[in-house]
Amino acid sequence: MANEQLNAYQRTQQATLTGRELEAMAFTRAALKLEDAKQLIDKPIEFGKALRFNHLLWTIIQANIVEPENLLPPELKANIMSLSIFVDKQTAKALHTRNGADLDALININRNLAAGLRTKVGEASVG
């Protein structure tokens, strides 16, 4: 019963979140999974699951960037695509080495993007 209530609460929360908030949650979740994976280097299946989750998130971002409906400025699209290519390469490296330190860059990228998405437009300070 409690699990059903929790699921209902989560569905309600997700229904009221903006796109930016959902994206921030996805990046945060990926960062947390990768952080947990640093403790799972001796469990290759679990380690790989965290990397696959992060890779899926970034694959969705890559697919969205090239959509004609995406109205982001071309320079921003190019920067995001470059970052996603780095994420792909770093993911492959981490899968190969199974070194927890190879996850740090991915964790930092996801956390920084989540923080940026949580910043309201016009709220960011200059300087």
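## The model and its parts

The model is predicted: local features need pLDDT of at least 70, side-chain atom pairs count only at pLDDT 80 or more, and totals for chains, interfaces and linings use all residues. Residues are numbered from 1 along each chain as its sequence is written, and side-chain values use heavy atoms, with hydrogens and water left out.

The chain has five helices and zero strands. Both kinds of element are DSSP runs, numbered from the N terminus: helices are H or I with at least four residues, and strands are E with at least two. From the N terminus, the order is α-α-α-α-α.

Of the 127 residues, 25% count as buried. Buried means under 20% relative accessible area, exposed means over 50%, and partly exposed lies in between (1.4 Å probe, protein chains only). Contacts here are heavy atoms within 4.5 Å. Among contacts with a separation of 6 or more, 64% join residues 24 or more positions apart.

## Helix α2 against α3

Two packed helices are described by the angle between their axes and the distance between the axes. Helix α2 covers residues 19–37, and helix α3 covers residues 44–65. They pack at about 155°, with axes 8 Å apart. Axes are lines fitted to C-alpha atoms, for helices over the stretch in contact, and angles run from 0 to 180 degrees between N-to-C directions. The two helices are therefore roughly antiparallel. Angles over 145 degrees get that label; under 35 is roughly parallel, 65 to 115 is roughly perpendicular, and the rest are oblique.

The crossing of α2 and α3 is left-handed. That term applies if the near helix is turned anticlockwise from the far one by less than a right angle; clockwise makes it right-handed. On the α2 side, the contact uses A26, F27, R29, A30, K33, L34 and A37. On the α3 side are F47, A50, L51, F53, N54, L57, W58 and I61. By class, this contact has twelve nonpolar, one polar and two charged residues. Nonpolar covers Ala, Val, Leu, Ile, Met, Phe, Trp, Tyr, Cys and Pro; charged covers Asp, Glu, Lys and Arg; the others, Gly among them, are polar.

## Helix α2 against α5

Helix α2 also packs against α5, at about 155° and with axes 8 Å apart. That makes α2 roughly antiparallel to α5. This crossing is left-handed. Residues of α2 in the contact include R20, E23, M25 and F27. Those of α5 include L106, I107, N110 and L113. The contact divides into eleven nonpolar, three polar and five charged residues.

## The nonpolar core

In soluble globular proteins, nonpolar side chains tend to be buried together. The largest nonpolar core in this model has 21 residues. Such a core is a set of buried Ala, Val, Leu, Ile, Met, Phe, Trp, Tyr and Cys residues joined through side-chain atoms within 4.5 Å. F27, L34, L51, W58, I61, L103 and L106 touch the most other members. Helices α2, α3, α4 (74–97) and α5 (104–118) each give two or more residues. The largest share, seven residues, comes from α3.

What does L34 touch? Not counting residues up to four places away in sequence, L34 touches A50, L51, N54, L103, L106, I107 and N110.

## Two loop residues

N70 sits in the loop between α3 and α4. N70 is buried, at 9% relative accessible area. Beyond its neighbours within four places in sequence, N70 contacts N64, I65 and K77.

R98 lies in the loop between α4 and α5. At 38% relative accessibility, R98 is partly exposed. Most residues other than glycine have a negative phi. The phi of R98 is positive, near 50°.
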